[in-house]
Amino acid sequence: MNQLPEAFIIQMKRLLGEAGFFAYEQSLSQSVTRALRVNLLLSPDGAPPCEIEGLGESVPWAKGAYFVEGDARPGLSPLHEGGAFYLQEPSALTAVSALNPQPGERILDLCAAPGGKSTQIAALMQGRGLLVCNEPVPSRAQILSRNVERMGVRNAIVVSGMPDQLAPHFPAFFDRILVDAPCSGEGMFRRQPEARDEWSENSPRGCADRQMEILEEAAKMLAPGGKLVYSTCTFNDTENEGVLARFTALHPEFTLLPIDLPGLPDGSKGYIHLYPHEIRGEGHFVSLLQKATDAPSLPDVSFTEDKSRRSAKPVRGKAPAKKAEPRIDLPDVLAKNVSFGRLHMAGDSLWALPEGLDDIRRLDGLRVLRTGLLLCHAEGKRTEPDHALAMALRPCEAARTAELSHEQALAYQAGEALDLGDLPAGYTLLTHCGISLGWGKQAGGIMKNHYPKGLRRR
């Protein structure tokens, strides 16, 4: 088992030639290359976090990314759960680099789980604008939402729906769209040998048809002049060049743009192939398209005025009550100079909405897991600051902080109470190496643990 299928071998020899296929086949027996991407929201200069060992050279095509050498295991550090970095396959970093997100834009990641590319986009947006992250499979959408939270993203909306369900809500809405499409997975044959057994000669054609359906909906949601990256983790030209040819034939308003990223093959044709025998990474295909500025625009969603659903006025710390809804007050956990502008109360939760979301009603009818930054939630008759708020805050933005040692950080993430000495009573942002880990609450001389039970580590 796990041998390369004969039809796949014939395909690859056609694409690479005999010598190229031999080099590719040899690469399958080599170790998988790993990378660590620093969270630029916490470290804008891309400097590696403290206490992380085993990092090698920078990944040339992605800001703040480093190759992980040998058997180093940075994921065991408490800083990983603190969102200081994301472990990501090096080739998978190329799609977002080609997309080139900018602060203040409206961006859609249409096939987003588990969240590596979404959080990479968010880091480059620097908390400004709107990022919509979509994953059709509900269980995978939960993982996506947790990673968005872990990386401290403030301006993301996480939804779970098929592309044709999203399109009516966002006609010609986004400046940039990433379609990292589900595919036959040929580029993962080294990293996941079991994928070889799932591949068949008919896999590419079936995947290509589904990819075309996804691109059709993405085209509706891209604004005139907007840019779209279409990427796969497969090699065959049916799903890659073939899909591009089919799509551009149906949509002459789209043209391919050259891709120029350091350390990667020539992308002057508007796409690049990444092979494990040519770069330090797995297989990937990335293309960049632009929609004409004079392309016809679609009519936007019409909203009916509903005063009862207006967002709260900007306040610091506390949100005013709304009619027919329970009052939720944010506990005193923020520094005096920190405030959130557009607030939205949903059930027992208070959210800070992204600046790029023009109207909350745009989300009506969609399955929404995250609506910006969750500030606090009701627990019976009391209100608690949410873990998402802790992950998004810098230590200077919290009213009270306490720095933990490595051992204390591990104990905290395991759910233990801590004896940190004589500290002021109340909710405290616990940090390690200056990275926020979560909330504790000082009472009776003990820091009580408020780390979410579902996230606790042994």
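A disulfide is a pair of cysteine sulfur atoms within 2.5 Å. The model is predicted: local features need pLDDT of at least 70, side-chain atom pairs count only at pLDDT 80 or more, and totals for chains, interfaces and linings use all residues. Residues are numbered from 1 along each chain as its sequence is written, and side-chain values use heavy atoms, with hydrogens and water left out.

**View A. Cys 111 and Cys 133 are too far from other cysteine sulfurs for a bond.**
For Cys 133, the closest cysteine sulfur is in Cys 111, 12 Å away, which is too far for a bond. For Cys 111, the closest cysteine sulfur belongs to Cys 183, at 10 Å, again too far. Cys 133 has 0% relative accessibility and therefore counts as buried (buried means under 20% relative accessible area, exposed over 50%, partly exposed in between; 1.4 Å probe, protein chains only). Cys 111 is buried as well, with a relative accessible area of 13%.

**View B. A disulfide joins Cys 50 to Cys 433.**
The count by the sulfur cut-off is one disulfide. Its sulfurs lie 2.1 Å apart. The link connects distant parts of the chain, 383 residues apart. Cys 50 sits in the loop between β1 (34-38) and β2 (55-58). Cys 433 sits in the loop between β19 (426-432) and β20 (435-443). Strands are DSSP runs (E, at least two residues) and helices are too (H or I, at least four), numbered from the N terminus. The torsion about the S-S bond is about 135°, so the disulfide is right-handed. Cys 50 is partly exposed, at 37% relative accessible area. Cys 433 is also partly exposed, at 30%.

**View C. Glu 282 and Arg 190 form a salt bridge.**
Side chains of opposite charge can pair when their charged atoms come close. Here the closest N and O atoms are 2.7 Å apart (a salt bridge is a side-chain nitrogen of Lys or Arg within 4 Å of a carboxyl oxygen of Asp or Glu). The pair links distant parts of the chain, 92 residues apart. Glu 282 is in the loop between β11 (271-274) and β12 (284-291). Arg 190 is in the loop between β8 (174-180) and α7 (195-198). Both Glu 282 and Arg 190 are buried. The structure holds 15 salt bridges.

**View D. Asp 359 pairs with Arg 361, and Arg 382 with Glu 384.**
The side chains of Asp 359 and Arg 361 meet in a salt bridge of 2.7 Å, N to O. Asp 359 is buried, with a relative accessible area of 15%. Arg 361 is buried too, also at 15%. In the salt bridge of Arg 382 with Glu 384, the closest N and O atoms are 3.0 Å apart. Arg 382 is partly exposed at 46%, whereas Glu 384 is buried at 11%.

**View E. Ser 349 lies in strand β14 (residues 349-352).**
Ser 349 is buried, with a relative accessible area of 11%. Its side chain makes a polar contact with the side chain of Asp 348, at 3.2 Å. A polar contact is a pair of N or O atoms within 3.5 Å; within protein, one must be able to donate a hydrogen and the other to accept it, and residues adjacent in sequence count only if both atoms are side-chain atoms. Leaving out residues up to four places away in sequence, Ser 349 touches Ile 328, His 344, Leu 374, Cys 376 and His 377 (contact means heavy atoms within 4.5 Å).

**View F. Helix α8 (residues 203-221) crosses helix α9 (residues 241-250).**
The two axes come within 10 Å and cross at roughly 40°. Axes are lines fitted to C-alpha atoms, for helices over the stretch in contact, and angles run from 0 to 180 degrees between N-to-C directions. From α8, the contact residues include Arg 205, Ala 208, Met 212 and Leu 215. α9 contributes Val 243, Arg 246, Phe 247 and Leu 250.

**View G. Leu 256 is placed in strand β10 (residues 254-256).**
Leu 256 is partly exposed, at 34% relative accessibility. Leu 256 and Tyr 271 are 15 residues apart in sequence and 7.9 Å apart in space, C-alpha to C-alpha. Beyond neighbours within four places in sequence, contacts of Leu 256 include Leu 244, Lys 269, Gly 270 and Leu 288.
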